[in-house]
Amino acid sequence: EGMDEIKALLQDNHGVVTTAANPRLSRALSRAHARGRVARVLKGVYVAADRVADPLTLIQAVHAAYPDAVFTGVTAMWLNGWTDLVPTTVTAMHAGRSHRHTRIRLVHGTLPESTWHEIPTPAGMIRTMTPAMAAVDLITHKGAAIIDRFMRVARDCTRALRALHEALAATPGRPGNQQRRRVLDRTNTNPWSGGERDLHDFLDHCGIRGWQANRRLDLHDPWGNHVFPDVLFKKAGLILEFDGWAFHADREAFERDRRRNNRLVLAGWRILHITHRMLQRPQELYDMISAALPPANLRA
């Protein structure tokens with residue numbers, strides 16, 4: 001009894017039915033749930049049994065129950081089209097009580113309007129963190145790597161960095177903000193990987209100055225217009241390239257890096273290659289880099 005109507009509602013409402021919108025079907029939904037025909041994912045919220053693992057269905061279920069919810073973390077990244085990583089747990093923040101389901105985690109809280117926007121879905125407009133806010137949000141779970149990736153794919157690094165700092169400033173007092181601030185402070189020098197972060201820390205600690213990281217360098221040669229050196233001392237004509245073992249384990253990446261290196265040499269640049277092991281011998285590394293730089297780049 002009522003199952004045909006429930007099926008029709010599931011089809012018309014993108015796999016989601018709520019008792020709030022259909023109070024007379026409350027008992028029928030409970031029976032269908034007991035028989036495994038639908039799954040209850042939140043109080044009074046049911047989805048088709050074969051769609052309980054579908055993130056978009058769960059997102060729409062959360063939205064149906066809590067229209068004020070703002071999707072966060074990996075869920076927000078996925079909704080913004082910023083990652084191919086499909087969320088296994090849908091995460092969101094809303095003004096009401098916290099809720100937890102096998103595949104849904106809702107936490108109590110509110111976010112300023114500057115940190116979220118609305119995007120269209122088959123079920124209508126839903127709220128999700130902006131890409132910058134989602135990246136900042138994920139620092140406590142993914143570490144600096146999430147910010148490095150954000151900066152690598154950003155078309156305008158200056159604007160992207162400003163958006164990250166604005167997102168953090170707009171959400172003061174959140175647990176984990178001290179860690180988030182440390183990561184973003186280091187991001188001011190524009191590292192694109194964990195190894196580059198370590199290299200930047202080393203340069204700062206040693207008082208080596210006059211460098212830029214991952215800034216466009218125009219070569220105007222037959223093989224392309226520009227490259228993005230890891231660390232560039234423009235006046236000194238020196239480039240530091242951080243070579244991570246995992247990166248160069250990929251054959252195509254290795255070949256691409258060699259071609260890039262050759263282009264820089266032909267353009268007259270001197271290049272020093274830095275590895276993780278070199279960073280573990282700081283005095284030796286400092287002596288090598290300082291030998292290639294004029295005194296103006298070194299702390300007196």
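Contact here means heavy atoms within 4.5 Å, and helices (H or I, at least four residues) and strands (E, at least two) are DSSP runs numbered from the N terminus. You're looking at a predicted model, where local features need pLDDT of at least 70, side-chain atom pairs count only at pLDDT 80 or more, and totals for chains, interfaces and linings use all residues. Residues are numbered from 1 along each chain as its sequence is written, and side-chain values use heavy atoms, with hydrogens and water left out.

Start with helix 13, residues 282-291: Leu285, Ile289 and Ser290 are buried there (under 20% relative accessible area; exposed is over 50%, partly exposed in between; 1.4 Å probe, protein chains only). Look down the axis: the buried residues fall within an arc of 125°, so they line one face of the helix (the arc is that of the directions from the helix axis to the C-beta atoms). They pack against helix 9 (194-206), strand 13 (238-242), strand 14 (270-274) and helix 12 (276-279).

Next, select glutamate 241 in strand 13 and arginine 260 in helix 11 (residues 251-266), 19 residues apart. They form a salt bridge, with the closest N and O atoms 2.5 Å apart (a side-chain nitrogen of Lys or Arg within 4 Å of a carboxyl oxygen of Asp or Glu). Glutamate 241 is buried at 3% relative accessibility, and arginine 260 is buried at 17%.

Glu241, Asp257, Arg258 and Arg260 are linked in a network of salt bridges.
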